[in-house]
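User: I'm new to reading protein models and would like to work through one with you. Can we look at it together?

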Amino acid sequence: MRNTISNRLYEEMDLMRGAVKMDQMTPAFLLINEVRQAIEKGNTARTPEELYTLLLTAADKKGLHNPFSDSDQFYRVFLNVTGRVPWEQALMLDLQSDRYPILPEVLIRKFTSQITSKTETVLVAEAEKFVPFLQWIVDGHINSKFILTSQDIRYIRALETVFDEYDNVEVVQASIYEYGFINRRFDVIFASPVFGGRTLVEDRTFMCREYDMAALENLSYHLNSGGDMVIILPGRITFAAGKIADLRNFIQSNYTMKELAELPEGILEYTGIKTYLLVIENNRPGDDDIIIRRYSAGERKSKSSAVTELNIEDDTFVMISELEQQGDWSIDRIFAQQDDEYLRYQNSGIRKDYLGNAAQVFRGKSVTKKAENGAIGVVNISNIGEYEIDYENLDTICEDERKIANYMLQEGDVLLPGRGTAIRTSVFHIQNFPCIAHSNVIVIRPHKKKLSSVYLKVFLDSPIGNKLISGAQQGMTIMNISYRDLAVLEIPIPSMAEQEKVAEEYIKELKKYKDTVAEAEKRWKDVLSKLQSFK
């Protein structure tokens with residue numbers, strides 16, 4: 001199954017360098033091939049102008065942009081380049097040039113395991129992402145009919161060329177982010193949609209208009225009864241609140257979830273967030289077990305190396321009723337429930353509630369221009385220490401206080417990095433100048449009659465608090481937490497008297513700890529000074 005780039009392709013590309021941009025190599029090969037085929041069929045064009053006219057006709061017919069600036073440039077290339085290249089390899093180079101997330105072989109094998117001898121129709125959505133293994137997939141399942149879709153006309157024409165002589169393959173230009181993109185249903189659907197981003201699909205009738213979530217909903221409607229869909233989605237599908245939670249409920253209420261698996265870090269190139277593999281079947285949910293897995297990548301030279309194997313690191317199963325009771329698909333929470341500490345926490349008699357019911361949770365303000373002697377301090381991630389905030393090294397800005405009034409920090413606000421590599425919290429204390437938090441920082445403002453700031457810090461800093469936050473993060477090596485998802489974190493809320501007791505003891509013992517450390521450091525410096533004095 002391994003597919004290496006042939007020397008012939010590189011030789012042909014070298015002949016076109018300087019005449020054609022890198023991202024136009026595949027269209028150039030396709031058009032040169034079209035011109036040569038026209039000549040083989042009897043066209044008498046021979047001069048640079050005649051050949052260029054053939055090229056323009058082919059480009060118009062194929063709907064491709066003409067990558068050659070004039071007839072002389074095209075003629076010089078045409079004399080040396082055959083245009084007949086390993087098309088999947090050429091397409092893969094185009095995709096790599098566009099930094100397109102191509103699926104690795106190990107994931108392709110996972111996808112194709114869903115195809116059986118009874119599978120009649122297969123939809124491969126955005127099929128270019130399955131290059132260079134598409135031919136291997138089709139050749140291994142000659143009794144199945146494959147529909148390959150793409151939005152990009154360059155990829156469409158390349159795929160048409162690859163599968164020109166295949167009777168069981170149809171290539172369709174369509175967007176899986178639009179309702180009615182195709183008027184068919186399938187036994188198996190493969191998809192790895194575009195992840196998130198700030199733009200939303202135009203159709204407002206989708207439950208959730210983020211591209212990846214719209215694709216999940218849209219493709220689910222195109223499954224035959226009993227059909228399976230294998231789709232890769234970002235981590236927020238498992239825990240996010242709001243419209244994504246509505247989509248989760250729709251899927252688990254109308255389809256049978258067969259597997260939910262966390263994939264290894266870096267399994268998709270150019271993607272640094274957590275990714276999950278979801279397998280759903282178009283059947284009403286019953287009493288079947290849902291497989292829950294966490295895969296690791298096995299041996300890799302570095303974190304940036306390709307993932308070549310999927311090893312099952314954790315493996316369990318849940319019933320649909322358990323997922324419904326849990327309220328989300330958090331794999332961390334599912335596995336944590338088998339953890340003694342988590343079980344003790346869940347089974348404790350202490351009252352629990354969503355953080356958003358006991359505090360206001362919001363993100364800080366985006367800061368573009370700093371001012372060296374500004375009047376307003378900005379707390380950034382680097383200022384949040386393990387125990388307290390570094391007020392001396394705050395950035396400052398010049399801004400009208402009325403414009404940032406909603407972002408002004410108040411006494412007792414608990415600050416948490418929204419991004420980074422470590423989970424830590426600090427309690428803000430009023431300074432002699434106004435302060436705001438940077439947009440990379442999440443602000444938790446406890447309702448004073450419900451929640452103590454110091455008590456909340458103690459809980460969030462605890463092992464169980466860290467586990468809950470980890471379950472809400474979207475990143476892997478780089479943490480990325482949404483304040484909305486943090487608001488639905490379930491935290492213990494005992495009486496205010498009990499909270500204050502915890503807070504008082506924490507403050508008292510922290511002072512002792514700091515005093516002890518300061519005294520030990522001073523004593524050590526004095527000893528070193530004495531020992532290193534050579535008079």
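User: How do the residues of the lining of the largest cavity divide into nonpolar, polar and charged?

Analyst: In this predicted model, a cavity is a set of points on a 1 Å grid over the protein atoms alone where a 1.4 Å probe fits but cannot get out, and lining residues have an atom within 4 Å of a point. Here the lining is Tyr 255, Thr 256, Met 257, Pro 285, Gly 286, Asp 288, Ile 290 and Ile 320. Ala, Val, Leu, Ile, Met, Phe, Trp, Tyr, Cys and Pro count as nonpolar, Asp, Glu, Lys and Arg as charged, and the others, Gly among them, as polar. That gives five nonpolar, two polar and one charged.

User: What do the residue numbers and the cut-offs rest on?

Analyst: Numbering runs from 1 along each chain as its sequence is written. Since the model is predicted, local features need pLDDT of at least 70, side-chain atom pairs count only at pLDDT 80 or more, totals for chains, interfaces and linings use all residues, and side-chain values use heavy atoms, with hydrogens and water left out.

User: Which residue forms a salt bridge with Glu 262?

Analyst: A salt bridge here is a side-chain nitrogen of Lys or Arg within 4 Å of a carboxyl oxygen of Asp or Glu. For Glu 262, the closest N and O atoms of the pair are 3.6 Å apart. Glu 262 sits in strand E6 (residues 256-262) and its partner in strand E8 (residues 290-296), so the bridge ties together parts 32 residues apart in sequence. Strands (E, at least two residues) and helices (H or I, at least four) are DSSP runs, numbered from the N terminus. The partner is Arg 294.

User: Is Lys 457 buried or exposed?

Analyst: Buried means under 20% relative accessible area, exposed over 50%, and partly exposed in between (1.4 Å probe, protein chains only). Lys 457 forms a salt bridge with Asp 461, four residues along in helix H15 (residues 453-461). Asp 461 is partly exposed at 31%. With a relative accessible area of 2%, Lys 457 is buried.

User: Which strands stand at the edges of the open sheet made of three strands?

Analyst: Two strands pair if DSSP finds at least two bridges between them. The order is E13-E12-E17, with mixed pairing. Each edge strand has a single partner, so one side of it lacks a neighbour in the sheet; the two are E13 (395-397) and E17 (435-437).

User: In E13, what is the bridge partner of Val 378?

Analyst: Strand E12 (residues 376-379) and E13 pair in the antiparallel sense over three bridges. The partner of Val 378 is Asp 395.

Key:
1 Å grid on protein atoms, 1.4 Å probe; cavity = no way out; pocket = protein on both sides within 12 Å on 5 of 7 lines; lining within 4 Å.
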